[in-house]
Amino acid sequence: MLEQVITRPDNYAPFLLSQGIRFGNLLFISGQAGAGDDGKIVSGGFAAQGEQAFLNLRRALEAGGSSLKDVIKVTIFVTDMGRFQDVVALRRRFFSAPYPADTIAEVKALYDPAAMIEIEAIAAAGQTEGR
């Protein structure tokens with residue numbers, strides 16, 4: 001059975017997207033960019049956007065009954081692969097060993113021309129005991 005993950009605010013609803021979908025003990029989180037609660041990309045460049053994207057990812061995971069510690073796989077999209085070391089620093093800050101499987105890809109653009117990073121994830125849900 002599919003269960004929709006909803007966060008407040010839910011900036012995805014107008015676009016007919018779910019923040020995430022829970023299927024059994026798996027949680028699939030839609031791409032999370034560096035947008036604040038108002039839906040606008042935060043100022044402050046890549047570092048600020050990256051931090052906000054990870055905070056948004058954490059909020060969506062928690063809304064689905066999971067956490068950053070339960071992430072199995074992430075895909076991180078950046079508009080400039082020159083920011084690779086910044087992505088590694090963000091991963092070090094928000095994840096811990098064993099680190100999730102990861103794909104990092106440079107894309108021409110994201111949904112908002114101001115967005116520089118977007119993160120999607122697959123996580124275990126309801127498995128936080130003992131972690």
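Student: Where is Gly34 found in this predicted model, and why is Gly34 called buried?

Tutor: Gly34 sits in the loop between S3 and H1. A residue is called buried when its relative accessible area is under 20%. Gly34 has 0% relative accessibility, and therefore counts as buried.

Student: Which residues are in contact with Gly34, leaving aside its neighbours within four places in sequence?

Tutor: They are Lys40, Ile41, Val42, Gln49, Gln52, Ala53 and Ile117. Gln49, Gln52 and Ala53 are also among the buried residues of H1.

Student: Why is Ala97 called exposed?

Tutor: The term exposed requires a relative accessible area over 50%. Ala97 has 61%, so the residue is exposed. Ala97 belongs to the loop between H2 and strand S5 (101–106). Its C-alpha atom is separated by 18 Å from that of Ile76, 21 residues away along the chain.

Student: How do you know that the length of helix H1 agrees with its number of residues?

Tutor: Helix H1 covers residues 45–63, which is 19 residues. The expected span is 1.5 Å times one less than the number of residues, which gives 27 Å for H1. The end C-alpha atoms of H1 are 27 Å apart, so the two values agree. After H1 comes Gly65, with a positive phi near 85°.

Student: What covers the buried residues of H1?

Tutor: The cover includes strand S1 (2–5), strand S3 (26–33), strand S4 (71–78), helix H2 (84–94) and strand S6 (117–124). The buried residues of H1 include Phe46, Phe54, Leu57 and Leu61.

Student: In what order do the elements of the protein run from the N terminus on?

Tutor: The order is β-β-β-α-β-α-β-β, made up of two helices and six strands.

Student: How do you know that the radius of gyration agrees with that of a compact globule?

Tutor: For 131 residues, the rule for a compact globule gives a radius of gyration near 14 Å; the protein has 14 Å, so the value agrees. The C-alpha trace spans about 35 × 35 × 20 Å along its principal axes. Of the 131 residues, 40% count as buried.

Student: What share of contacts between residues at least 6 apart in sequence joins residues at least 24 apart?

Tutor: That share is 67%.

Student: How many positive and negative side chains does the protein have?

Tutor: There are 13 positive and 15 negative side chains, and the centres of the two sets are 3 Å apart.

Methods:
Residues are numbered from 1 along each chain as its sequence is written. This is a predicted model: local features need pLDDT of at least 70, side-chain atom pairs count only at pLDDT 80 or more; totals for chains, interfaces and linings use all residues. Side-chain values use heavy atoms; hydrogens and water are left out. Helices (H or I, at least four residues) and strands (E, at least two) are DSSP runs, numbered from the N terminus. The radius of gyration is taken over C-alpha atoms; the globule rule is 2.2 Å times the number of residues to the power 0.38. Buried means under 20% relative accessible area, exposed over 50%, partly exposed in between (1.4 Å probe, protein chains only). Contact means heavy atoms within 4.5 Å. Lys and Arg count as positive and Asp and Glu as negative; His and the chain ends are not counted. The place of a charge is taken as NZ of Lys, CZ of Arg, CG of Asp or CD of Glu.
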